[in-house]
Amino acid sequence: MQRSAMIDALRQQGATPWDVLIIGGGATGLGAAVEAASRGYKTLLLEQHDFAKGTSSRSTKLIHGGVRYLQQGDIGLVLEALHERGLLRQNAPHLVRNQQFIIPNYEWWNGPFYTIGMKVYDMMAGSLGLGPSEHISKEETMHAIANLKEEGLRGGVIYYDGQFDDSRLAINLAQTAVNHEGVVINYMPVTALVKDEKESVTGVIATDIETQEQYTIYAKAIVNCTGVFADTILKMDDPEAGRSIMPSQGVHIVLNREFLQGDAAIMIPKTSDGRVLFAVPWHDKVVVGTTDTLVQTESLEPRALEEEIDFILSTASLYLTRKPTRHDVKSIFAGLRPLTASTNNGKQTKDISRSHKIFVSLSGLITVVGGKWTTYRKMGEDTIDRAVMVGNLPERSSVTKQLPIHGAAEPVRLDDPLYFYGGDKKYIEALIAERSVLAEKIHPDLSIVQAEVVWAAQSEMARTVEDVLARRTRALFLDAAASIEMAPVVARLLAETLGHDEAWQHAQIQAFTQLADGYRLA
């Protein structure tokens, strides 16, 4: 997957309309691109920044049915998500793994209440379930999570859900679309829509950020999959369009692994303000979150509010024997959920459904809002079904339920630091065989090696230091301070691979350092 080849394909298409043109390279857009390309439609995806730059790299790292959606009575969403969870576990075994969760019980009624609830959860998953839930004793709970607060503990409930790497899945979805002759281009923002004499949308105007070259691109069906930026595209279509998105901010902190002693994750089903809090093992760290705060403006780099940071730290301190402090936070990241404004009706953001919605403007522009990572495949299927109707495309059945994601390979050895590359791991090992220096770790505190940077530039369309340290590897999200120290080596390797000079390296290091400072607390 090389950007130069993608640009060449765009130029070769010329004024001939694409079957499907997708705006947005997050979970929704990439899922739609895989769906369209795998059905054999001529597919183009344009992303304003890098794939999964926004919300889709900032999740809680869970592929799950949604226990709290079950509590809220959103049965349809839970059934759909549990089904999709099982499919994704089969189709991307190198990225999605079975994770044991424990709900600690500190009230007498917690045990039977949550045991019954999780049995219903198991039943809804059916044959795609990941494991049976069960009630366990206080002793068994402490054995599973040794640093859990023991005072008042009555026992726990075990259940199973999926855990994954979000931006790695995004990159593999982009590669999957390309494997099916789709074209995906990052750093290519859409700046205007093209309409015919009937005011129907027939194309877009987009600009290549790297060259400033402008393209007029035509398509039979145009899909707006821009998440929290959906209204920006809708206003290009109709300046009087109302608001479709209500962004809700979710914040996570990352701690060292010692704060979760054991392989199980913790799920707190009801915090002081009614939210759910998770502490999940991830790449030898622990992700703790999330919050659910209404915000008024969308941003590619949202920042955590002080009250959100305090909420996560104080809530985690209620359940862990060692109370995490601001000094213990290795990284903090925030993401904006694209909640559907029309379903608000005065509800708190935590109560708004995460179901996706698809609507077609009078111009024929298709817009997808809402949704979550777990249901990305179903969102893509529903979206392309609509695109077939709008674009008068030949009907073809979806094949994505059984479609392996790029890199899918088994068995998966979680003790291998390159396991999440799946079938591509052999190519990284080949780079190391050619140049042994590429086997060296870039930072002693993280397992990332130099060959991963070269591979990201050669075959994963990484263009900047941020692309590599934030999304191709997860250094920025795992340890912000360490990622800043890694930036000079990454800049040098990228410059060697992509043909940039020292001035470019200096600018990249400076830009990344400024960005990464926003992920640090101490």
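Ala, Val, Leu, Ile, Met, Phe, Trp, Tyr, Cys and Pro count here as nonpolar, Asp, Glu, Lys and Arg as charged, and the others, Gly among them, as polar. This is a predicted model, where local features need pLDDT of at least 70, side-chain atom pairs count only at pLDDT 80 or more, and totals for chains, interfaces and linings use all residues. Residues are numbered from 1 along each chain as its sequence is written, and side-chain values use heavy atoms, with hydrogens and water left out.

**Stop 1: the second largest pocket**

Select Trp-282, His-283, Asp-284, Tyr-419 and Ser-447. Of 27 lining residues, these are the closest to the centre of the second largest pocket. The space there is about 640 Å³. A pocket is an open set of points on a 1 Å grid over the protein atoms alone where a 1.4 Å probe fits, with protein on both sides within 12 Å along at least five of seven lines; lining residues have an atom within 4 Å of a point. The volume is the space filled by probe spheres set on the points, which are joined across faces, edges and corners.

Colour the lining by type: nine nonpolar, eight polar and 10 charged residues. Now show strands S4 (97–105) and S13 (277–282), the elements that give two or more residues to this lining. S4 supplies the largest share, four residues. Helices (H or I, at least four residues) and strands (E, at least two) are DSSP runs, numbered from the N terminus.

**Stop 2: helix H15**

Select 480–498. H15 bends by about 40° at Met-486, and Pro-488 follows within four residues. The bend is the angle between axes fitted to the seven residues ending at a residue and the seven starting there.

Next, pick out the buried residues (under 20% relative accessible area, 1.4 Å probe, protein chains only). Among them are Ile-484, Met-486, Val-490, Leu-493 and Leu-494. The buried residues of H15 pack against strand S16 and helices H12, H13, H14 and H16. After H15 comes Gly-499, with a positive phi near 85°.

**Stop 3: Asn-186**

Go to the loop between strands S7 (183–185) and S8 (190–195), which holds Asn-186. Why does Asn-186 count as buried? Because its relative accessibility is 0%. Its side chain reaches the backbone oxygen of Met-461 at 3.0 Å. Contacts (heavy atoms within 4.5 Å) beyond four places in sequence include Arg-3, Glu-47, Asp-50 and Arg-472.

**Stop 4: Ile-136**

Finish in strand S5 (134–136), where Ile-136 is found. Ile-136 counts as buried because its relative accessibility is 6%.

How values were computed: Buried < 20%, exposed > 50% of the residue type's maximum accessible area, 1.4 Å probe, protein only. Polar contact = N/O pair within 3.5 Å; in protein donor to acceptor, adjacent residues only side chain to side chain.
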